[in-house]
Amino acid sequence: MSITVLGGLVIFQLIHFIIGSWTLWKGSKWRMARTIGIGLFWICYGLFFVLTVTNINSYVNSIPYILCGLYLPSVLAMLLLATSKQFRGFVDKISLKWSIQSVAGPARMIVGIIFLFWFFAGRLPGVFALISGPGDWIAGFITFYAVSQLDIFKQVAGIKANHWSISDFKKNNTKSFFENQSKLNKNLNVAIAFVAFGILDFILAPASTAVSILNGNIPEELGQIPLTLIPLVLVPQVLLLEVFAMRQLIGFKKILKSA
C-alpha cells in the first residue's frame with residue numbers, strides 16, 4: 001500500500017512541476033524545452049539518489065547521500081537567490097498558492113500518516129516517527145490556512161487569478177494597500193510563521209533520525225523502497241518550493257516596511 005501511495009505522490013508532484021513550468025513560461029519560445037528540462041531534471045535527480053542509497057547496505061553509511069539528496073536543490077536555490085537578480089525575478093513570478101499549498105499540502109499530510117502507520121507496524125523507531133509523522137501532517141494542513149492569509153493581498157491589489165505572485169502584486173497594488181497595512185502585516189506574519197514551520201519540520205525530521213541512531217534504533221527502512229522516496233524525491237521538491245515561497249513572503253515584508 002505504501003509503495004502505491006508514495007509512487008502516486010511522486011507522479012502527482014512531478015505533474016505539478018510540469019504544469020507549473022508550462023504555465024510559468026507561457027509566451028516563451030523555449031517553453032517546451034524548459035518544461036521538459038524540469039521534468040527530466042527531477043526524474044534523473046530522484047533516480048540517481050534512490051538507486052545510490054538503496055544499493056548501500058547500511059542506512060548509516062547512506063546518510064551523506066540522503067542529506068545531499070534532501071537539501072541540495074534548496075541550498076543551490078538559496079545561493080542563486082543571494083547572487084542572481086535574474087533568478088530572484090524568476091522566483092518572484094512563481095504562484096504562491098502552488099509553492100505553498102498545492103504540492104506540499106496533500107503530500108505532507110499523507111506522508112505524515114504513512115510514518116505513523118509504519119511506526120505502529122513496528123518498522124520505524126518512535127523518536128523519528130512521532131516527530132516526523134505529526135510534524136508533516138500539521139505542516140501540510142496549515143499550508144491551506146497560510147495561503148488563505150494572503151487573500152487580503154489579492155484583494156487590495158485587485159488580483160482575480162487564483163495563482164498569483166509578488167510580481168502581480170507589485171504591478172497592481174492600489175491606494176487600499178496603504179489603508180490596510182495593519183491587517184496585511186498581521187496576516188503576513190501568520191503566513192510566514194506557517195511556512196517557516198514547514199521548513200523547520202524538514203530540519204527536525206533528520207535531527208530526530210540522528211537521535212534515534214545515537215539511541216541504537218537505526219531506521220533502516222528509510223534507506224529502502226518505498227520510504228526512501230520521501231527524503232530523496234518528495235521532500236527536496238517541497239522544500240525547494242517552500243524556500244521560493246519564503247523569498248516572496250519576505251519580499252512582501254520589505255514592501256510593507258518601505259511604504
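Me: Is His 16 buried or exposed?

Reply: A residue is called buried under 20% relative accessible area, exposed over 50%, and partly exposed in between, with a 1.4 Å probe and protein chains only. His 16 has a relative accessible area of 19%, so His 16 is buried. This is a predicted model, in which local features need pLDDT of at least 70 and side-chain atom pairs count only at pLDDT 80 or more, while totals for chains, interfaces and linings use all residues. Residues are numbered from 1 along each chain as its sequence is written, and side-chain values use heavy atoms, with hydrogens and water left out.

Me: In which helix does His 16 lie?

Reply: Helices (H or I, at least four residues) and strands (E, at least two) are DSSP runs, numbered from the N terminus. His 16 belongs to helix α1, residues 2–24.

Me: Which residues does His 16 touch?

Reply: Contact means heavy atoms within 4.5 Å. Not counting residues up to four places away in sequence, His 16 touches Trp 98, Ser 102 and Val 103.

Me: What is the relative accessibility of Leu 6, and which residues does Leu 6 touch?

Reply: Leu 6 lies in helix α1 and counts as buried, at 0% relative accessibility. Apart from residues up to four places away in sequence, Leu 6 touches Val 111, Ile 114, Pro 226, Leu 227, Leu 229, Ile 230 and Leu 234.

Me: Where is Pro 226, and what is the peptide bond from Ile 225 to Pro 226?

Reply: Most peptide bonds are trans. The bond from Ile 225 to Pro 226 is cis, with omega near 10°. Pro 226 is placed in the loop between α11 (181–214) and α12 (229–258).

Me: How many helices and strands does the protein chain have?

Reply: The protein chain has twelve helices and zero strands. The radius of gyration, taken over C-alpha atoms, can be set against the globule rule, which is 2.2 Å times the number of residues to the power 0.38. For this chain the radius is 19 Å, close to the 18 Å that the rule gives for 259 residues, so the chain is as compact as a globular protein of that length. Its C-alpha atoms fill a box of roughly 60 × 40 × 35 Å, taken along the principal axes.

Me: What share of the residues of the protein chain count as buried?

Reply: Of the 259 residues, 48% count as buried. As for contacts with a separation of 6 or more, 79% of them are between residues 24 or more positions apart.

Me: Where is Val 156, and is Val 156 buried or exposed?

Reply: Val 156 is part of helix α8, residues 151–157. Its relative accessible area is 6%, so Val 156 is buried. The C-alpha atoms of Val 156 and Ile 36 are separated by 36 Å, and the two residues are 120 residues apart along the chain.

Me: Which residues is Ser 167 in contact with?

Reply: Ser 167 is in helix α9, residues 166–172. With a relative accessible area of 16%, Ser 167 is buried. Leaving aside its neighbours within four places in sequence, Ser 167 is in contact with Asp 92 and Lys 93.
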